[in-house]
Amino acid sequence: MNLLNSAYIGDGSVEGSEDDFSEFGIGIVHFGPGAFHRAHLAVYTHDALKHQKGDWRILGVGLRSTEIVDALHAQECMYSVSTRSADGGLAPRIVKSIAQAKAAARDKEGVLTRLANPATRIVSMTVTEKAYGILRETGRVDRAHESIAKDIADPRNPTGILGVIVEGLWRRRQAGLRPFTVLCCDNLPQNGELIKAGILDFARQIDETDLAAWIAEEGAFPNSMVDRITPAATESFRQEIAVRLDVRDEAAIETEPFSQWVIEDRFAEGRPAWDAAGVVFVKDVAPYEEMKLRMLNGAHSLIAYMGFLLGKTYVRDVMADVQLSTIVDRHIKAASQTLSPFQDFDLDEYGQKLIERFANPNIAHETYQIAMDGSQKMPQRIFAPALESLKNNLPIAPFALATAVWIRYCSGTHENGEQYDLRDPRSQQLAAAFISNGRDPAGICQAFHELPDLFPAELTTSKEWRLTVCSYLGSMLERGLSQTVSAYVDTIEDSA
Ligand code: CS2
C-alpha cells in the first residue's frame, strides 16, 4: 500500500493527515523539491495554510532530477516528515502543501507556462550553491558555467535556474503581468541580492529592451536564512517508516526537530501566512545569515572534512570523539567572535544548541554529503570569518585549520592511499592544484590561493594567514591528520 491509499490519509491518526488543501490553487513554483525543501518550506506552507486559506500550494519542479518528481507524483504529492529527537523519539506527520510535481527535463513548457501564469506569485528554490553560475565578487553571470553559457546562446529554451526564471519573467512582461517574487533558499550570503544581480545580468545579456530595468523596478528578491539539518533519505529509513505508518512512502524524509526560517518581508505579490507558521520576518536578514553560515555551516564543513578523512561516517561520530568535538566547539566560538552582537540574540546559547544538534545520535548526517561542493561553500563559511578575524586581531587558527583540512581533502586520497571522488564542480582544478605540487605544502597553498573567485584578496596576500594554513597542511602531510589534530587540541587546552 502506498501513502495515497493509506487509511492514514484523512483519519487524523498522524498529524496533518486530516488537513485538506485540495481546494487551494498553486501560488508557488519551487525549484528543487529535495529533502531539505520538503522538510522546510513545504512544512511551513502546510502550517500557514492551516492558519489562513489561500491559493498558495506548491508546484515542485526538478530542474534535472526526475526521481523525486515521480515519487511525489505517484502519491499525489503527499508525504511524511519525521522528526528525530536526541532521546530517540520519532514523530511523523503528513505534509500536503505540494500540489504538483514536474520534471523540467520532461515538461519544460509546462513549467514555463506555470511561471507565466498570473496565479504564480512566488518562485522559490533550493538548487544548491553551484547551480546558479553567478560570480560572487561581481554578481555577474559566469559565462564558463555550463547552463549559463547554454542558456545565453538559446534563451527561449532554457535549462538552468537563471535561464528558466528569466524566461518566465520575460513571458510575464510580454503578457502585461507583474514579476513574481524570487525567494532563494540556498545557503548563500545575501542570497536574494545575489540572485537578483545574476538575474539582472542574465536579462541584460539576452534582451536588448529594458527587461532588466523592469525586473529591477518591479520585482522582489527578499534575502532569507533557512535552517534545518536534513540528511538525504535512505532506504533503511524508508523501510523503518513503512513499518511505523504501515504504508510505503517513497518521498518520506527524516529531519531534526529544530527548524528556522528568517525572511525579509518584501514580497511583490503577497505571501502565505508563514508568520503564523513560525517564520520570523525581519528588515535585514544579514546578521542571522552570517551567524548561521559561519557558526553552523562553517562548523559543518570543518566536521565534514576532518571527519571524513578520519574515517567518521556521520556528524554524530565526530561529535562523539572528545578531541574532535573540542575542535568543533573552538571553531564555533571563534566564528561567533567575528559577528557583531544583534538584538538580544545570545550567540553563546546558539553555539551551545548547535553542539547539541550536531551530536543528535538519531540523525545520520553523512560527513561525505556535507563535504560535497567545498569550492562553493568555503568562501562564506570559512574565508569570510577568517578575513574578519585577521582584520580585527582575533584568532585565525581555527579557520586556517579548517582551510588546511579542506585543501588536504582536495587531494582525493586517504592517508592509506585509497581514493575518493571530490564531488565538486571545480574538482579538476582543485585536484590539479594539489597534485601538481607534490607534497610541498607551500606550493599547494599557493596554488589554492591563486585559484580565481575563491579566496578574498586580503587573505591571499596575508603572510600570516598563508603561513598558518601552510603549517597545518605541512603537519598533516608529514605527521598525518590524527597527530595534527592532537597537537591542535593541546594548543586549545594550553590557551584555556
Ligand atoms: C550542510 C547544510 O550540506 C551542507 O553543506 O552544511 O546543508 C546544513 O545541513 C543546513 O544548512 C542546515 O540548515
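**Rings, charges and a helix**

Modeller: Let's start with Arg 423, which lies over the face of Tyr 368, 3.8 Å from the ring centre. Keep in mind that this is a predicted model.

Biologist: Okay! Which ring does the charged end of Arg 316 sit over?
Modeller: That would be the ring of Tyr 314, with the charged end 4.7 Å from the ring centre.

Biologist: And rings with rings, how many aromatic pairs are there?
Modeller: The count comes to 18 aromatic pairs. In one of them, the rings of Tyr 305 and Tyr 409 have centres 4.9 Å apart and planes at 55 degrees, so this pair is tilted.

Biologist: Where do Tyr 305 and Tyr 409 lie?
Modeller: Tyr 305 is in helix H10 (residues 286-309) and Tyr 409 in helix H16 (residues 397-409), so the pair ties together parts 104 residues apart in sequence.

Biologist: Is Tyr 305 buried or exposed?
Modeller: Buried, with a relative accessible area of 1%. Tyr 409 counts as buried too, at 2%.

Biologist: What about Trp 406 and Phe 448?
Modeller: Their ring centres are 5.6 Å apart and the planes are at 80 degrees, so that pair is edge-to-face. Trp 406 is in helix H16 and Phe 448 in helix H18 (residues 441-449). Both residues are buried.

Biologist: New topic: which residues are buried in helix H8?
Modeller: Leu 211, Ala 212, Trp 214 and Ile 215 are. They cover an arc of only 160 degrees around the axis, so they sit on the same side of H8.

Biologist: Which helices do they pack against?
Modeller: Helix H6 (161-174) and helix H7 (191-206).

Terms used
Residues numbered from 1 in each chain as written. Predicted model: local features only at pLDDT ≥ 70, side-chain atom pairs only at ≥ 80, totals over all residues. Heavy atoms only, no water. Buried < 20%, exposed > 50% of the residue type's maximum accessible area, 1.4 Å probe, protein only. Helix = DSSP H or I, 4+ residues; strand = E, 2+ residues; numbered from the N terminus. Arc of directions from axis to C-beta. Contact = heavy atoms within 4.5 Å. Phe/Tyr/Trp six-rings, centres within 6.5 Å; stacked < 30°, edge-to-face > 60°. Lys NZ or Arg CZ within 6 Å of the ring centre and 35° of its normal.
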